[in-house]
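Biologist: Could you take me through one part of this protein slowly, as if I were seeing it for the first time? I would like to hear about the salt bridges and what surrounds them.

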Amino acid sequence: MSKRRAGRYPDAVVIVPPRSRAVPVAAVETAPTQRNEHLRIIAECERMGWQKAFGYNRRALAEAAIGRYKRVIGDALRSRTDVRRATEVGVAVRVLNRMLDLGRPKSIRIR
């Protein structure tokens, strides 16, 4: 996070994973950062443990859902008023969910 944003939103939580070859900043003891904390947790719990601890998986699922919506429905709303836009989004989400339900296999346990 840039210094300007960090000053404006001091309580913001960074959920971007550090690079695989990242190393902690030299001033770890004097000025701890969120990035250094992420690196410490990755060193202790591995990357998958870090993803679960910080909710990175939920973020990825949300991004995939938005990408799917934009790819299938489009990335622009056609209505001009808020009420009609809400209706347009509701209809689009129902259509997308219906399409996903039709493509999802139904599994049945066999004993």
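Modeller: Happy to! Let us begin with Arg-104, which has a relative accessible area of 46% and is therefore partly exposed, since that value lies between the 20% and 50% cut-offs. Its salt-bridge partner is Asp-101, and the closest N and O atoms of the two are 2.9 Å apart. Asp-101 has a relative accessible area of 40%, so Asp-101 is partly exposed too. Keep in mind as we go that this is a predicted model.

Elsewhere, salt bridges with shared partners tie Glu-37, Arg-40 and Glu-44 into one network. Glu-37 has 34% relative accessibility, so Glu-37 counts as partly exposed. Arg-40, at 40%, is partly exposed as well.

Now for a pair with another setting. Arg-78 forms a salt bridge with Glu-88, and here the closest N and O atoms are 3.7 Å apart. This pair links distant parts of the chain: Arg-78 is in the loop between helix 3 (56–72) and helix 4 (82–103), while Glu-88 is in helix 4, 10 residues away. Arg-78 has 61% relative accessibility, and because that is over 50%, Arg-78 counts as exposed. The count for the protein comes to five salt bridges.

For a contrast, turn to Pro-18, in the loop between helix 1 (3–8) and helix 2 (34–54). Its relative accessibility is 10%, which is under 20%, so Pro-18 counts as buried. Leaving out residues up to four places away in sequence, Pro-18 touches His-38, Leu-39, Ile-42 and Arg-47.

Finally, let us step back to the whole protein. There are four helices and zero strands. Buried residues make up 13% of the 111 residues. A compact globule with 111 residues would have a radius of gyration near 13 Å, but this protein has 21 Å. Its C-alpha trace spans about 55 × 55 × 20 Å along the principal axes. As for charge, there are 25 positive and 10 negative side chains, and the centres of the two sets lie 7 Å apart.

Definitions and conventions. Residues are numbered from 1 along each chain as its sequence is written. This is a predicted model: local features need pLDDT of at least 70, side-chain atom pairs count only at pLDDT 80 or more; totals for chains, interfaces and linings use all residues. Side-chain values use heavy atoms; hydrogens and water are left out. Helices (H or I, at least four residues) and strands (E, at least two) are DSSP runs, numbered from the N terminus. The radius of gyration is taken over C-alpha atoms; the globule rule is 2.2 Å times the number of residues to the power 0.38. Buried means under 20% relative accessible area, exposed over 50%, partly exposed in between (1.4 Å probe, protein chains only). Lys and Arg count as positive and Asp and Glu as negative; His and the chain ends are not counted. The place of a charge is taken as NZ of Lys, CZ of Arg, CG of Asp or CD of Glu. Contact means heavy atoms within 4.5 Å. A salt bridge is a side-chain nitrogen of Lys or Arg within 4 Å of a carboxyl oxygen of Asp or Glu.
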